[in-house]
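Here are a few exercises to work through with the model open. Have a go at each one before you read the solution.

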Amino acid sequence: MAALDAARGDQAILVINRRGSASVVLCRDCGYVQTCPECERPLVYHQAGTSLRCHHCGRATPLATRCPNCGSPRIRYLGGGTQRVEDEVRQRFPALRVGRLDRDVVERRGAAERVIDAFAAGRVDVLVGTSLVTKGLDIPAVTLVGVVSADVALNLPDERATERTYQLLSQAVGLAGRGDRPGLAIIQSYQPEHPAIRAVVDDDPSAFYDAELELRRRFRSPPFGRLVKLTIGLPDRDGVVREAEAMAGRLRDRARERGTDTVVIGPAPAYIARRADRWRWNLVLRGTDPRLLLDGGLDPPWSVDVDPDSLL
(Lines give C-alpha, C1' and ligand atoms only; values in the text may rest on other atoms or scores of the structure.)
Protein backbone atom coordinates (compact mmCIF):
# COMPACT_ATOMS: atom_id res chain seq x y z
CA MET A 1 0.00 0.00 0.00
CA ALA A 2 2.92 2.35 0.64
CA ALA A 3 4.11 1.90 -2.95
CA LEU A 4 0.62 2.67 -4.21
CA ASP A 5 0.58 5.85 -2.15
CA ALA A 6 3.99 6.86 -3.56
CA ALA A 7 2.81 6.27 -7.12
CA ARG A 8 0.07 8.90 -6.98
CA GLY A 9 -0.01 10.91 -10.18
CA ASP A 10 0.93 7.84 -12.20
CA GLN A 11 -1.07 4.71 -12.90
CA ALA A 12 -0.85 1.30 -11.26
CA ILE A 13 -1.93 -2.27 -11.98
CA LEU A 14 -2.67 -4.85 -9.29
CA VAL A 15 -2.77 -8.45 -10.51
CA ILE A 16 -4.40 -11.23 -8.51
CA ASN A 17 -2.60 -14.50 -9.20
CA ARG A 18 -5.65 -16.58 -8.52
CA ARG A 19 -7.77 -19.01 -10.47
CA GLY A 20 -11.44 -19.45 -9.72
CA SER A 21 -12.11 -20.07 -6.03
CA ALA A 22 -8.61 -21.34 -5.36
CA SER A 23 -7.42 -21.32 -1.77
CA VAL A 24 -4.06 -22.42 -0.47
CA VAL A 25 -3.13 -22.96 3.16
CA LEU A 26 0.32 -21.82 4.24
CA CYS A 27 2.31 -20.73 7.24
CA ARG A 28 2.55 -16.95 7.44
CA ASP A 29 5.89 -17.14 9.22
CA CYS A 30 7.93 -19.50 7.02
CA GLY A 31 5.72 -19.93 3.93
CA TYR A 32 5.41 -23.73 4.31
CA VAL A 33 2.61 -25.30 2.26
CA GLN A 34 1.21 -28.68 3.35
CA THR A 35 1.76 -31.38 0.73
CA CYS A 36 0.32 -34.83 0.18
CA PRO A 37 2.56 -37.49 1.79
CA GLU A 38 1.87 -39.79 -1.17
CA CYS A 39 2.08 -37.43 -4.16
CA GLU A 40 4.23 -34.63 -2.72
CA ARG A 41 1.83 -32.15 -4.34
CA PRO A 42 0.24 -29.13 -2.59
CA LEU A 43 -2.97 -29.86 -0.74
CA VAL A 44 -6.00 -27.69 -1.51
CA TYR A 45 -8.20 -26.10 1.13
CA HIS A 46 -11.89 -27.07 1.13
CA GLN A 47 -13.97 -24.77 3.29
CA ALA A 48 -16.74 -27.36 3.46
CA GLY A 49 -15.46 -29.69 6.12
CA THR A 50 -12.40 -27.52 6.80
CA SER A 51 -10.02 -30.08 5.36
CA LEU A 52 -7.14 -30.32 2.93
CA ARG A 53 -7.47 -32.66 -0.03
CA CYS A 54 -5.06 -33.98 -2.61
CA HIS A 55 -6.58 -33.59 -6.06
CA HIS A 56 -4.30 -36.28 -7.46
CA CYS A 57 -4.90 -39.28 -5.20
CA GLY A 58 -7.95 -38.07 -3.23
CA ARG A 59 -6.37 -38.26 0.24
CA ALA A 60 -8.02 -35.95 2.80
CA THR A 61 -5.85 -34.46 5.55
CA PRO A 62 -6.91 -32.43 8.59
CA LEU A 63 -5.85 -28.81 8.61
CA ALA A 64 -2.78 -28.42 10.83
CA THR A 65 -3.13 -26.15 13.85
CA ARG A 66 0.63 -25.54 13.90
CA CYS A 67 3.09 -25.40 11.04
CA PRO A 68 4.77 -28.82 10.57
CA ASN A 69 7.92 -26.98 9.48
CA CYS A 70 8.46 -24.24 12.07
CA GLY A 71 5.78 -24.82 14.72
CA SER A 72 4.08 -21.45 14.20
CA PRO A 73 0.34 -21.29 14.96
CA ARG A 74 -0.13 -18.72 12.17
CA ILE A 75 -1.72 -21.10 9.67
CA ARG A 76 -3.98 -19.22 7.28
CA TYR A 77 -5.60 -19.69 3.91
CA LEU A 78 -5.16 -17.25 1.06
CA GLY A 79 -7.89 -16.79 -1.48
CA GLY A 80 -9.07 -13.19 -1.62
CA GLY A 81 -10.31 -12.22 -5.09
CA THR A 82 -10.34 -9.10 -7.22
CA GLN A 83 -13.49 -7.70 -5.63
CA ARG A 84 -11.91 -7.77 -2.19
CA VAL A 85 -8.70 -6.10 -3.40
CA GLU A 86 -10.70 -3.43 -5.25
CA ASP A 87 -12.72 -2.69 -2.10
CA GLU A 88 -9.59 -2.39 0.05
CA VAL A 89 -7.93 0.02 -2.39
CA ARG A 90 -11.05 2.17 -2.48
CA GLN A 91 -11.21 2.26 1.32
CA ARG A 92 -7.54 3.10 1.78
CA PHE A 93 -7.33 5.59 -1.09
CA PRO A 94 -10.77 7.15 -1.63
CA ALA A 95 -9.32 9.80 -3.98
CA LEU A 96 -8.03 7.19 -6.45
CA ARG A 97 -10.18 6.07 -9.35
CA VAL A 98 -10.23 2.27 -9.33
CA GLY A 99 -11.29 -0.10 -12.10
CA ARG A 100 -11.60 -3.87 -12.15
CA LEU A 101 -11.09 -6.38 -14.95
CA ASP A 102 -11.94 -10.03 -14.29
CA ARG A 103 -14.24 -12.73 -15.58
CA ASP A 104 -17.32 -11.17 -13.96
CA VAL A 105 -16.66 -7.91 -15.82
CA VAL A 106 -15.88 -9.63 -19.13
CA GLU A 107 -19.20 -11.48 -19.02
CA ARG A 108 -21.08 -8.15 -19.12
CA ARG A 109 -21.33 -7.00 -22.72
CA GLY A 110 -19.03 -4.07 -23.46
CA ALA A 111 -17.92 -3.70 -19.82
CA ALA A 112 -14.33 -4.90 -20.36
CA GLU A 113 -13.79 -2.51 -23.28
CA ARG A 114 -15.08 0.41 -21.20
CA VAL A 115 -12.69 -0.39 -18.35
CA ILE A 116 -9.67 -0.75 -20.68
CA ASP A 117 -10.54 2.43 -22.59
CA ALA A 118 -10.91 4.39 -19.36
CA PHE A 119 -7.55 3.14 -18.07
CA ALA A 120 -5.79 3.88 -21.36
CA ALA A 121 -7.26 7.39 -21.39
CA GLY A 122 -6.11 8.07 -17.83
CA ARG A 123 -9.60 8.16 -16.32
CA VAL A 124 -8.70 5.21 -14.04
CA ASP A 125 -5.71 5.42 -11.68
CA VAL A 126 -5.55 1.82 -10.46
CA LEU A 127 -6.60 -1.24 -12.44
CA VAL A 128 -7.25 -4.38 -10.40
CA GLY A 129 -7.64 -7.68 -12.21
CA THR A 130 -6.73 -11.26 -12.93
CA SER A 131 -4.30 -12.38 -15.64
CA LEU A 132 -6.55 -10.55 -18.11
CA VAL A 133 -4.82 -7.27 -17.22
CA THR A 134 -1.40 -8.63 -18.26
CA LYS A 135 -2.39 -9.26 -21.88
CA GLY A 136 -2.26 -6.60 -24.57
CA LEU A 137 -1.95 -3.51 -22.37
CA ASP A 138 0.74 -0.95 -23.19
CA ILE A 139 0.18 2.09 -20.98
CA PRO A 140 3.27 4.34 -20.65
CA ALA A 141 1.89 6.03 -17.52
CA VAL A 142 1.96 2.74 -15.54
CA THR A 143 4.87 2.96 -13.13
CA LEU A 144 3.73 0.43 -10.50
CA VAL A 145 2.67 -3.19 -10.89
CA GLY A 146 1.82 -5.35 -7.88
CA VAL A 147 1.14 -9.09 -7.98
CA VAL A 148 -1.07 -10.00 -5.02
CA SER A 149 -0.84 -13.44 -3.40
CA ALA A 150 1.41 -15.10 -5.96
CA ASP A 151 1.36 -18.26 -3.80
CA VAL A 152 -2.27 -19.16 -4.51
CA ALA A 153 -2.07 -20.15 -8.19
CA LEU A 154 1.55 -21.23 -7.70
CA ASN A 155 0.37 -24.07 -5.45
CA LEU A 156 -2.57 -25.30 -7.46
CA PRO A 157 -2.69 -29.10 -7.90
CA ASP A 158 -1.91 -28.84 -11.60
CA GLU A 159 1.03 -29.95 -13.72
CA ARG A 160 1.45 -26.49 -15.22
CA ALA A 161 0.76 -24.31 -12.18
CA THR A 162 4.40 -23.21 -11.88
CA GLU A 163 4.72 -22.60 -15.62
CA ARG A 164 1.55 -20.47 -15.69
CA THR A 165 2.66 -18.48 -12.67
CA TYR A 166 6.04 -17.77 -14.26
CA GLN A 167 4.31 -16.60 -17.45
CA LEU A 168 1.94 -14.32 -15.53
CA LEU A 169 4.71 -12.81 -13.40
CA SER A 170 6.93 -12.20 -16.43
CA GLN A 171 4.11 -10.49 -18.30
CA ALA A 172 3.03 -8.46 -15.27
CA VAL A 173 6.42 -7.01 -14.31
CA GLY A 174 6.97 -5.99 -17.93
CA LEU A 175 4.00 -3.61 -17.76
CA ALA A 176 5.73 -1.18 -15.39
CA GLY A 177 7.94 1.64 -16.64
CA ARG A 178 7.26 1.49 -20.36
CA GLY A 179 7.20 5.28 -20.57
CA ASP A 180 9.77 7.90 -19.61
CA ARG A 181 9.43 7.31 -15.88
CA PRO A 182 11.06 4.27 -14.21
CA GLY A 183 8.80 1.44 -13.12
CA LEU A 184 8.52 -0.71 -10.00
CA ALA A 185 7.13 -4.23 -9.79
CA ILE A 186 6.31 -5.89 -6.45
CA ILE A 187 5.52 -9.59 -6.05
CA GLN A 188 3.72 -10.50 -2.82
CA SER A 189 4.74 -14.01 -1.75
CA TYR A 190 5.50 -16.17 1.26
CA GLN A 191 7.80 -18.22 -0.98
CA PRO A 192 10.21 -15.63 -2.41
CA GLU A 193 12.85 -18.29 -3.16
CA HIS A 194 10.53 -20.41 -5.29
CA PRO A 195 12.24 -21.05 -8.67
CA ALA A 196 9.42 -19.38 -10.64
CA ILE A 197 9.56 -16.20 -8.56
CA ARG A 198 13.33 -16.15 -8.31
CA ALA A 199 13.70 -16.50 -12.08
CA VAL A 200 11.46 -13.48 -12.67
CA VAL A 201 13.20 -11.36 -10.06
CA ASP A 202 16.64 -12.26 -11.41
CA ASP A 203 15.47 -12.06 -15.05
CA ASP A 204 16.86 -15.56 -15.57
CA PRO A 205 14.41 -17.67 -17.62
CA SER A 206 16.95 -20.46 -18.03
CA ALA A 207 16.97 -21.02 -14.25
CA PHE A 208 13.20 -21.54 -14.30
CA TYR A 209 13.43 -23.79 -17.34
CA ASP A 210 16.04 -26.03 -15.73
CA ALA A 211 14.15 -26.30 -12.42
CA GLU A 212 10.82 -27.01 -14.10
CA LEU A 213 12.32 -29.59 -16.44
CA GLU A 214 13.87 -31.45 -13.52
CA LEU A 215 10.55 -31.49 -11.67
CA ARG A 216 8.77 -32.88 -14.71
CA ARG A 217 11.44 -35.54 -15.15
CA ARG A 218 10.94 -36.56 -11.50
CA PHE A 219 7.18 -36.98 -11.88
CA ARG A 220 7.36 -38.35 -15.45
CA SER A 221 5.28 -35.45 -16.68
CA PRO A 222 5.37 -34.36 -20.34
CA PRO A 223 7.75 -34.38 -22.17
CA PHE A 224 9.14 -37.34 -20.16
CA GLY A 225 5.86 -39.22 -20.08
CA ARG A 226 2.22 -38.83 -21.01
CA LEU A 227 -0.93 -38.06 -19.05
CA VAL A 228 -4.55 -38.99 -19.55
CA LYS A 229 -7.32 -37.40 -17.47
CA LEU A 230 -10.54 -39.37 -17.10
CA THR A 231 -13.59 -37.50 -15.79
CA ILE A 232 -16.99 -38.85 -14.82
CA GLY A 233 -20.02 -36.74 -13.98
CA LEU A 234 -23.25 -38.02 -12.45
CA PRO A 235 -26.16 -36.37 -10.58
CA ASP A 236 -25.72 -38.76 -7.63
CA ARG A 237 -22.62 -38.06 -5.53
CA ASP A 238 -22.39 -41.54 -4.01
CA GLY A 239 -22.89 -43.08 -7.44
CA VAL A 240 -20.07 -41.10 -9.02
CA VAL A 241 -17.70 -42.13 -6.22
CA ARG A 242 -18.59 -45.81 -6.62
CA GLU A 243 -18.13 -45.73 -10.39
CA ALA A 244 -14.84 -43.83 -10.15
CA GLU A 245 -13.45 -46.30 -7.61
CA ALA A 246 -14.63 -49.25 -9.70
CA MET A 247 -12.98 -47.84 -12.83
CA ALA A 248 -9.74 -47.22 -10.94
CA GLY A 249 -9.74 -50.82 -9.76
CA ARG A 250 -10.34 -52.18 -13.26
CA LEU A 251 -7.57 -50.07 -14.77
CA ARG A 252 -5.09 -51.02 -12.05
CA ASP A 253 -5.85 -54.69 -12.61
CA ARG A 254 -5.40 -54.23 -16.37
CA ALA A 255 -2.07 -52.43 -15.89
CA ARG A 256 -0.82 -55.17 -13.57
CA GLU A 257 -1.90 -57.98 -15.93
CA ARG A 258 -0.18 -56.34 -18.92
CA GLY A 259 2.96 -55.34 -17.06
CA THR A 260 2.81 -51.71 -18.23
CA ASP A 261 4.46 -48.77 -16.47
CA THR A 262 1.16 -46.84 -16.35
CA VAL A 263 0.22 -45.61 -12.90
CA VAL A 264 -3.44 -44.96 -12.03
CA ILE A 265 -3.80 -41.96 -9.72
CA GLY A 266 -7.02 -41.30 -7.82
CA PRO A 267 -9.92 -41.20 -7.93
CA ALA A 268 -10.30 -37.68 -6.54
CA PRO A 269 -12.97 -35.00 -6.84
CA ALA A 270 -12.51 -32.59 -9.72
CA TYR A 271 -11.24 -29.17 -8.72
CA ILE A 272 -14.75 -27.85 -9.33
CA ALA A 273 -16.51 -30.85 -7.88
CA ARG A 274 -20.06 -29.96 -8.94
CA ARG A 275 -20.96 -28.40 -12.26
CA ALA A 276 -24.27 -28.32 -14.15
CA ASP A 277 -25.96 -30.41 -11.41
CA ARG A 278 -23.41 -33.19 -11.77
CA TRP A 279 -20.75 -34.39 -9.35
CA ARG A 280 -17.41 -34.79 -11.10
CA TRP A 281 -14.47 -37.06 -10.19
CA ASN A 282 -11.17 -37.56 -11.97
CA LEU A 283 -8.68 -40.32 -12.57
CA VAL A 284 -5.21 -39.56 -13.93
CA LEU A 285 -3.14 -42.11 -15.86
CA ARG A 286 0.59 -41.46 -16.00
CA GLY A 287 3.13 -43.47 -18.00
CA THR A 288 4.92 -43.97 -21.31
CA ASP A 289 1.65 -44.38 -23.23
CA PRO A 290 -1.31 -44.62 -20.83
CA ARG A 291 -3.82 -44.47 -23.70
CA LEU A 292 -3.16 -48.14 -24.41
CA LEU A 293 -4.77 -49.03 -21.09
CA LEU A 294 -8.14 -47.73 -22.34
CA ASP A 295 -8.44 -50.18 -25.26
CA GLY A 296 -9.67 -47.50 -27.65
CA GLY A 297 -11.61 -45.27 -25.27
CA LEU A 298 -14.40 -45.14 -22.70
CA ASP A 299 -18.15 -44.77 -23.04
CA PRO A 300 -20.25 -41.98 -21.47
CA PRO A 301 -20.57 -40.74 -18.81
CA TRP A 302 -16.74 -40.88 -18.91
CA SER A 303 -14.72 -38.32 -20.84
CA VAL A 304 -11.08 -38.77 -21.88
CA ASP A 305 -8.51 -35.96 -22.17
CA VAL A 306 -5.08 -36.99 -23.46
CA ASP A 307 -2.17 -34.78 -22.36
CA PRO A 308 -4.63 -32.26 -20.89
CA ASP A 309 -3.82 -28.57 -20.77
CA SER A 310 -4.86 -28.65 -17.12
CA LEU A 311 -5.64 -31.29 -14.51
CA LEU A 312 -8.05 -29.02 -12.64
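**Exercise 1.** Is Ser149 buried or exposed?

Solution. Keep in mind that this is a predicted model. Start with the place: Ser149 sits in the loop between β9 (142–148) and α5 (150–154). Next, take its relative accessible area, which is 15%. The cut-off for buried is under 20%. So Ser149 counts as buried.

**Exercise 2.** Find residues other than glycine with a positive phi, and then look for cis peptide bonds.

Solution. Now the exceptions. Ser149 is not a glycine, yet its phi is positive, about 55 degrees. Asp295 also has a positive phi, near 50 degrees, and lies in the loop between β13 and β14. That loop holds Pro301 too, and the bond joining Pro300 and Pro301 is cis, with omega about 15 degrees. Another cis bond runs from Pro222 to Pro223, with omega near 15 degrees; Pro223 is in the loop between α8 (205–219) and β11.

**Exercise 3.** Work out the strand order of the open sheet of four strands, then place the helix that lies across it.

Solution. Reading across, you get β12-β13-β11-β14, paired antiparallel. The edges are β12 (263–275) and β14 (302–306), each with pairing on one side only. From one strand to the next, the twist averages 25 degrees. Inside the sheet, nine bridges connect β11 (residues 226–234) with β13 (residues 278–287), and Leu234 stands opposite Trp279 in β13. Finally, helix α9 (residues 237–258) lies across β11, β12, β13 and β14, at about 15 degrees to β13.

Conventions:
Residues are numbered from 1 along each chain as its sequence is written. This is a predicted model: local features need pLDDT of at least 70, side-chain atom pairs count only at pLDDT 80 or more; totals for chains, interfaces and linings use all residues. Side-chain values use heavy atoms; hydrogens and water are left out. Two strands pair if DSSP finds at least two bridges between them. Helices (H or I, at least four residues) and strands (E, at least two) are DSSP runs, numbered from the N terminus. Axes are lines fitted to C-alpha atoms, for helices over the stretch in contact, and angles run from 0 to 180 degrees between N-to-C directions. Contact means heavy atoms within 4.5 Å. Buried means under 20% relative accessible area, exposed over 50%, partly exposed in between (1.4 Å probe, protein chains only).
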